[in-house]
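Biologist: I would like to learn how to read a structure like this one, feature by feature. Could you walk me through it?

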Amino acid sequence: MTAFSGFVKRSFLGTLIIGVVFTGGIIFTGKLEQLLSLRNITAQTVHTTQYYLTTTQTPVDKKSLPECPETPPGINEPLKLNLTNITLDELQRKYPSHSGERYRPEGCRSRVRLAVVIPYRDREQHLVILLNNIIPFLNKQQADFTIYVAEQMHGGIFNRGLMINAGVDAALKADNFTCIVIHDVDLIPETSDNYYRCQENPLHLSTASAKYGYKLPYASYAGGNIAISPSQFRRINGFSNWYFGWGGEDDDFEIRVKTVGMRLKRNPKRQGRYYAIKHERDKLNPENQKKSLLYKSIRSRMKTEGLSSLHCNTTVSHHGIVTWLNIAIDKQYYDSTIKY
């Protein structure tokens, strides 16, 4: 594995890098955006060299800070949704983060180190609206969090489960997160006390989405937003990578959870309320007509098919407020591997 480190004055794009030293002895100097424009500088994939960009910042003595209270101050105040259009640059100025797109509370040590993973493609208007709501929402909860946008590249039919696996894989290689929240780009929380924290079992957060009249569409539904610990995610081997097109991967996930002896816990409906941004279905995300065939093999393949069998090329770039993952699926591999 090749690794390198750099020294920068600040963490946002365009900052001058004083020096970057590779273990192989190569030295790079210049603008940070010039470094990040080399598309494979940070990659975390199967059969691909892995690189890690690190930046210096003033160290925080976590032991000297008191733990944040179980119930954050002002958490029961009404939550106001903000649906105005805003750009990523405006968001960065509005919500400056620590180095590495990390947000953390002032004056106390958070109870959770959280990775928010957003499976994504061609939905920028929805993404900026979500970010404009989710960042103050998590700041109010005194979370220590980083947001990962897992974007599928190069066309082809969308694969939500694979984007989730690639996003979680990149996050867990980057930091010691204690909780992962899988977050759809069109769901915005409506209640402040909808805590993004992990529990003894995976937690279904979005139990009352406006998309379905603020109720579950069916009893075993596991779509939308999920809070799950890294150990729980590894235990079920993540999501399946085999569902190309809309639907199926969330039902597969729910069966994986039950198969290993866990149960999917549900948020109370009052706390699990989400506003759903209305949109047309992506033409490259048609309904998966073969999902019922895949359901038959879930239990027999889940130990070897999922997070452990991820085949894609992931390029990481840093946008000040989010860590962006450009993910190219190894479609040839999956075309030859998927069995219906």
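This is a predicted model: local features need pLDDT of at least 70, side-chain atom pairs count only at pLDDT 80 or more; totals for chains, interfaces and linings use all residues.

Biologist: What does the torsion about the S-S bond say about handedness?

Modeller: For Cys-68 and Cys-108 the torsion is about 85°, so that disulfide is right-handed. For Cys-179 and Cys-198 the torsion is also about 85°, so this disulfide is right-handed as well. If you count the bonded cysteines along the chain, the pattern is 1-2, 3-4.

Biologist: Let us turn to a helix. How far does helix 3 reach?

Modeller: Helix 3 covers residues 124–140, which is 17 residues. From its first C-alpha to its last it reaches 24 Å, close to the 24 Å expected at 1.5 Å a residue.

Biologist: Is helix 3 mostly covered or mostly open?

Modeller: Mostly covered: 12 of the 17 residues of helix 3 are buried. Among them are His-126, Asn-132, Asn-133 and Phe-137. The elements that cover the buried residues include helix 2, strand 5, strand 6 and strand 15. After helix 3 comes Gln-142, whose phi is positive, near 60°.

Biologist: Which other residues have a positive phi without being glycine?

Modeller: His-154 is one of them, with a phi of about 65°. His-154 sits in the loop between strand 6 and helix 4, and with a relative accessible area of 68% it is exposed. Tyr-214 is another, with phi near 60°. Tyr-214 lies in the loop between strand 10 and strand 11, and its relative accessible area of 26% makes it partly exposed.

Biologist: How should I read a sheet?

Modeller: Strands of a sheet pair through backbone hydrogen bonds, either parallel or antiparallel. Here, three strands form an open sheet in the order 8-13-10, with mixed pairing. Strand 8 and strand 10 stand at the edges with a single partner strand each, so one side of each has no neighbour in the sheet. Strand 8 pairs with strand 13 in the antiparallel sense over three bridges, and Leu-187 stands opposite Ala-276 in strand 13.

Biologist: Last topic, the aromatic rings. How many aromatic pairs does the structure hold?

Modeller: A pair of aromatic rings is described by the distance of the centres and the angle of the planes. The structure holds 11 aromatic pairs. In one of them, the rings of Tyr-243 and Tyr-295 have their centres 6.3 Å apart and their planes at 35°, so the pair is tilted. Tyr-243 is in the loop between helix 5 and helix 6 and Tyr-295 is in helix 7, so the pair ties together parts 52 residues apart in sequence. Tyr-243 is buried at 0% relative accessibility, while Tyr-295 is partly exposed at 24%. Tyr-333 and Tyr-334 instead form an edge-to-face pair, 4.9 Å centre to centre with 80° between the planes.

Biologist: Which rings have a lysine over them?

Modeller: The ring of Tyr-340 is one: the charged end of Lys-290 sits over it, 4.5 Å from its centre. Phe-244 is another, with Lys-331 over its face at 5.0 Å from the ring centre.

Key: Residues are numbered from 1 along each chain as its sequence is written. Side-chain values use heavy atoms; hydrogens and water are left out. Helices (H or I, at least four residues) and strands (E, at least two) are DSSP runs, numbered from the N terminus. The expected span of a helix is 1.5 Å times one less than its number of residues. Buried means under 20% relative accessible area, exposed over 50%, partly exposed in between (1.4 Å probe, protein chains only). Contact means heavy atoms within 4.5 Å. A disulfide is a pair of cysteine sulfur atoms within 2.5 Å. Two strands pair if DSSP finds at least two bridges between them. Rings of Phe, Tyr and Trp (its six-membered ring) pair if their centres lie within 6.5 Å; planes under 30 degrees apart count as stacked, over 60 as edge-to-face and the rest as tilted. A charge sits over a ring if NZ of Lys or CZ of Arg is within 6 Å of the ring centre and within 35 degrees of the ring normal.
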